[in-house]
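Let's read some charged and nonpolar surface features together, one step at a time.

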Amino acid sequence: MTKIFKTYKKLITEEANLLPVSIIIGFLLPVISWIIEIIIHKTPVTPTGIIQLHKENPSLIFLDLVPFIFISIVYFFQNRQNTSITRFDNQIKERDTRQQEMAEFANQIGEGNFNIKLDTAIHNDTLAQSLLVMRENLLSNHKKETEQSWIAEGKEVISDILRTHSKIIELSDKVIQSLVKYVNVVQGALYLYNEEKEVLQNVATYAYNRKKYINQEFKIGHGLIGECAYEMDYIYRTEIPDDYTTLTSGILGEQKPQSILLVPLIADEKLQGVIEFATVQDHIPEKTIRFLIELAEIIARTVFNLKVNQRTEQLLRESQKMTRELQENEEQLRQNAEEMRATQEELQKSNEQLETNILKVENAQKRLYSLLENASEIISIYDENMILTYESPSVIKILGYTPEEMMGGKDMDRLTRKGESAMRTMFKQLLSNPSEAVTIQYTYMKKNGQKIFLETTGRNLLTDSAIKGIILNSTDITERKRAEKEERMRSKMQALSENSLDMIMRLSTVGQFFYANPVVERYTGIEAKELINKTLNEVNFAEVLFNYFRDTISQIKSNPEKTNSEITIPAQIEGIEGEERFMSFDAIPEFNENELETILFVGHDITEAKRIEQEIQDKNRKIEDSINYAQRIQTSILPDNRFIREFIPKSFIFYRPRDVVSGDFPWFFKKDDQIYIAAVDCTGHGVPGALLSFIGYFLLNNIVDHPGDHTASNIIDGLHYSVRKTLKQEDNEAEARDGMDIAFCKIDYNKGELQFAGAHRPLYLLRDGELEEFKGDRKAIGGIPHRKKPEKDFTNYVINFRRGDKIFFFSDGLTDQLGGSELKKYSPKRIREQIVENKDLTMDEFNTFFAKDFTEWMGKNKQIDDVLLIGIEF
């Protein structure tokens, strides 16, 4: 750079030397012009002549000025050049200074002085920035080399300890002591994993340059030590738990460490132990953590090898001990071998004979087992305490249980209380009279749940050396019991049939009479004994009776099931011949071994029942006509949807009486600018409820139609006392507790006001998608008053309604209806949920929705009460 500057300066100097030459050349131009003019015009060379030339040729004046203009131009450029030279000279000097400073900076870095500073004024220089980056990289590498050197030195120190010690306890003490000093912490501990006990045991602790004798054990996962072992990863904490051990020294006193480090010792992916370090410093350096983590694997591998060596030494000692014992016993074994060879020959002979005998016994046992398994009775042996000691294999075939399933008292558990009592009585008799056999009968539950009858004969053979117990022989007598029962039932049926007022006959599948009771003669005119063994074609029955028997036999043969038919036959009863009798015949198929054998016909005279039934039907028809007429009256006085919508266009009434007439009714009244509407639920339903509804209807009309502006609560208070007075419930002897529930509304559209009062019935207000409930008072309209407790008036709610508000009120017949998959009540909760979920429906759509939802909820269940629901939108 300096060389370039010198070359440039030389060129400038040479250009500066041209200034005098330029001045000379500039003056030569006018002089030469003068000379030429003087020669041409022959003018004398005098000042006067020169002035005369200028007058004659004014251009010479301009030529006279050329030297001065030329000199000025040259001077301007010369001065400008000098300024550039000065500025360039300063830049060169400044750059030389920076280069010298950066050279010194680089020299200091090369000598290892990484703390040298560089003038901030030259930081933007590219070379300076490169030098700074180089310093940082060298400093980082130096730091890493220092840390790596420190780690390598520490590893070498510990490796020397690991190589020079073969005892785990000594090695542990030396290792933890050296590590505490080397990493400059106040306390360290080493825990080794005991695989047999599955715990971490403290084997070495060192604190404040002294060995500590601490016996601690940690289970895997318990405490920080156990957690470190469980995770098999190091734990570094600067937030120390409250229960962590405090450090005690003569200088510092007792204080809790500020940071701890726990590193697991892992070799071949198996836990060998944990090392723990604590310091009062607020952190542990990262290089210390890295050093201990790398060192942990070396320590773990050494501990693992020492454990293997110790185990090998232990096994060697045990092997040597066993060898000595074997040598001592070798002679004794040799002698025993000679004796064994002598006895072996004798045993071989005995074994051959024994095998022959065993084979004979096994064959005998197999034959006995086969006999017992296929026996028709169960053989059981009990001791004197009624404990079962043996059960024959035939129990599997007869009861379905294995002999093992009958042991342990389970045989008695399957007896009925009566059967258990009979069994205990039999045992008492056998023990008191050993020579006598005792037989009992009882029921027993088979494994498949079938109940059977058993007959058991017990014998006391406690003194028999082969048995030594009480032996029971049990036989299944279920079929015998069934046959006996059938015989008894047949005899009993015979007796019943002979004395029955019904006509009873038994016919074969081909129409042959096997039995007929005496009543047959009263209805057919043929004696019973004349029918036996004859067929239908041989008997002179009335045509209708003949056809019935023929068709029924044919029907049961194709479909063997019980049938019932009603027929009319001419009676042959004395004194009323020719009069028709109504008979109800049951035809019952009878089977023998699952094959249709006979058909039992039982004919019952239902003539009188038919007559009574006809009378009842006539009476019911009259009652039904009366109720229908009452329904027409009730319907004519009650308001309907069309009438109410003349005054409240956006409204609906969902009304479904349980019977023809209803105890629930909607009520509506308009007076001046007020509209009154209510849902009334009278006690009961049907006719009684309808009678109360008439009372409520006319009482409400009378109360509201009287002069005065009454609130909703005033009106139902008046209704309450009027019902009591009408039903005479205020008398001391009153017994009628009938009354009604009501949801009553008074609407003033001019004021935008709704008044509500309720007896047991609420009102739901839907506004802006939110539902609000106004609960009615917990008392009914009417009823016998409480003599000692004063009554409160009904609560009057005043609601300022808005456009779009919707209200709903209803009777309890809607909420109490049972239905759904779990046969639960429709419930007020369901009504609230359905209103909110379908908040955007119109009143007509709400009417359709609730009608459909209620029908689907009820399903095939019976409607339990009258249903009434009223909805209004403002």
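Q: What is a salt bridge, and how many does the count come to here?
A: A salt bridge is a side-chain nitrogen of Lys or Arg within 4 Å of a carboxyl oxygen of Asp or Glu. Side chains of opposite charge can pair when their charged atoms come close. By this rule, the count comes to 25 salt bridges. Please keep in mind that this is a predicted model: local features need pLDDT of at least 70, side-chain atom pairs count only at pLDDT 80 or more, and totals for chains, interfaces and linings use all residues. Residues are numbered from 1 along each chain as its sequence is written, and side-chain values use heavy atoms, with hydrogens and water left out.

Q: Where do Arg 611 and Glu 615 lie?
A: Helices and strands are DSSP runs (H or I, at least four residues, for helices; E, at least two, for strands), numbered from the N terminus. Arg 611 and Glu 615 are both in helix α17 (residues 607–637), 4 residues apart, or about one turn of the helix. Their side chains form a salt bridge at 2.7 Å, N to O.

Q: Are Arg 611 and Glu 615 buried, partly exposed or exposed?
A: Buried means under 20% relative accessible area, exposed means over 50%, and partly exposed is in between (1.4 Å probe, protein chains only). Arg 611 is partly exposed at 40%, and Glu 615 is partly exposed at 36%.

Q: Which parts of the chain does the pair Arg 480 and Glu 455 link?
A: These two side chains meet in a salt bridge of 2.9 Å, N to O. The pair links distant parts of the chain, with Arg 480 in helix α13 (residues 478–499) and Glu 455 in strand β13 (residues 451–461), 25 residues apart. Arg 480 is partly exposed at 38% relative accessibility, and Glu 455 is partly exposed at 22%.

Q: Which residues are linked with Asp 160 in a network of salt bridges?
A: Glu 156 and Arg 163 are linked with Asp 160 in that network.

Q: What is a nonpolar patch, and which helix gives the largest share of it?
A: Patches are made of residues with over 30% relative accessible area and no salt bridge; like charges are joined within 9 Å, and nonpolar side chains (Val, Leu, Ile, Met, Phe, Trp, Tyr) within 5 Å. Here, a nonpolar surface patch that includes Phe 27, Ile 69 and Phe 77 has about 920 Å² of accessible area together, with areas from the Shrake-Rupley method and a 1.4 Å probe, only the protein chains shown counting as cover for residues. Helix α4 (residues 59–110) gives the largest share, 8 residues. Ile 69 is found in helix α4 and is partly exposed at 42%.
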